[in-house]
Amino acid sequence: MPRKTDGILFELQPRPTKGSDGKPLLYAQPVIERKFDLEDIDSFCAKYRHTSKGEMLRFADLLEEVVAMWLRQGHRVETPFGSFAPKLKLLGEHTEPSKVLGQDVIYSGVEFIPAKQFVKDADCSEEGFRKQRASVGNSQMRDTKAMDEALRQSIHHGHITISTFMQYSGLKYNSAKLFLDSLCEGKKPRLTRYKESRTWHYIVNE
């Protein structure tokens, strides 16, 4: 069967629970290949939706201001995306309602319930799905030869960056950084790191 080349790319990750064969049960999650921000939305709408440049940025700022104001007052706010409401947390363990006071409750974030139409509009199943060819979870970290090869391939201009190592190792950012950092420790560290601007650089010690 030919390999599928279109559709939403997904990867498999292990769940904490195990199946009847003793191996971790798997779940699928999308591989995020690109992130769009408000600048991207503003540029897209100015080019394809006849808005003026900066209009979407001003709209988003104003929307956030007004929604946050109403959430601070304890209200629920409904939008085309869904509804927002403040989340509360009760401190301690209580069984008697009459003994619960205002100081026993704290703010714990924002609840978001997506609107049914928004969920329907965002359906990404039309093109189907294709599996990323990569190890499940971080199992490749236990393969010494694979990690050594990933390190070798990641050396560009005399150093290794986390993003480059992610590309060759298949690890996520935090796991890739943790692995590279571990090689900077000990009496005879394999790597030395330094930070340039916002990027960590790792040099192989001779």
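In which sense, left-handed or right-handed, does α4 pass α5? The crossing of α4 with α5 is right-handed, a term used where the near helix is turned clockwise from the far one by less than a right angle, with anticlockwise counting as left-handed. The model is predicted, so local features need pLDDT of at least 70 and side-chain atom pairs count only at pLDDT 80 or more, while totals for chains, interfaces and linings use all residues. Residues are numbered from 1 along each chain as its sequence is written, and side-chain values use heavy atoms, with hydrogens and water left out.

Helix α4 comprises residues 144–154 and helix α5 residues 162–169; helices are DSSP runs (H or I, at least four residues) numbered from the N terminus. Their axes come within 8 Å and cross at roughly 135°. The arrangement of α4 and α5 is therefore oblique. Axes are lines fitted to C-alpha atoms over the stretch in contact, and angles run from 0 to 180 degrees between N-to-C directions. Angles under 35 degrees count as roughly parallel, over 145 as roughly antiparallel, 65 to 115 as roughly perpendicular and the rest as oblique. On the α4 side, Met147, Ala150, Leu151, Gln153 and Ser154 meet Thr164, Phe165, Tyr168 and Ser169 of α5, contact meaning heavy atoms within 4.5 Å. These contact residues comprise five nonpolar, four polar and no charged. Ala, Val, Leu, Ile, Met, Phe, Trp, Tyr, Cys and Pro count as nonpolar, Asp, Glu, Lys and Arg as charged, and the others, Gly among them, as polar.

Helix α5 also meets helix α6 (residues 173–182), with axes that come within 9 Å and cross at roughly 105°. The two are therefore roughly perpendicular. Ile162, Phe165 and Met166 of α5 meet Tyr173, Ala176, Lys177, Phe179 and Leu180 of α6, giving seven nonpolar, no polar and one charged residues.

The axes of α1 and α2 come within 8 Å and cross at roughly 130°, which means that α1 is oblique to α2. Leu38, Glu39, Ile41, Asp42 and Cys45 of α1 and Glu55, Met56, Leu57 and Ala60 of α2 make the contact.

The second largest pocket holds about 250 Å³ of space, a volume being the space filled by probe spheres set on grid points joined across faces, edges and corners. A pocket is an open set of points on a 1 Å grid over the protein atoms alone, where a 1.4 Å probe fits, with protein on both sides within 12 Å along at least five of seven lines; lining residues have an atom within 4 Å of a point. Among the lining residues are Leu38, Met56, Phe59 and Phe81. Helix α2 gives the most to this lining, with five residues.
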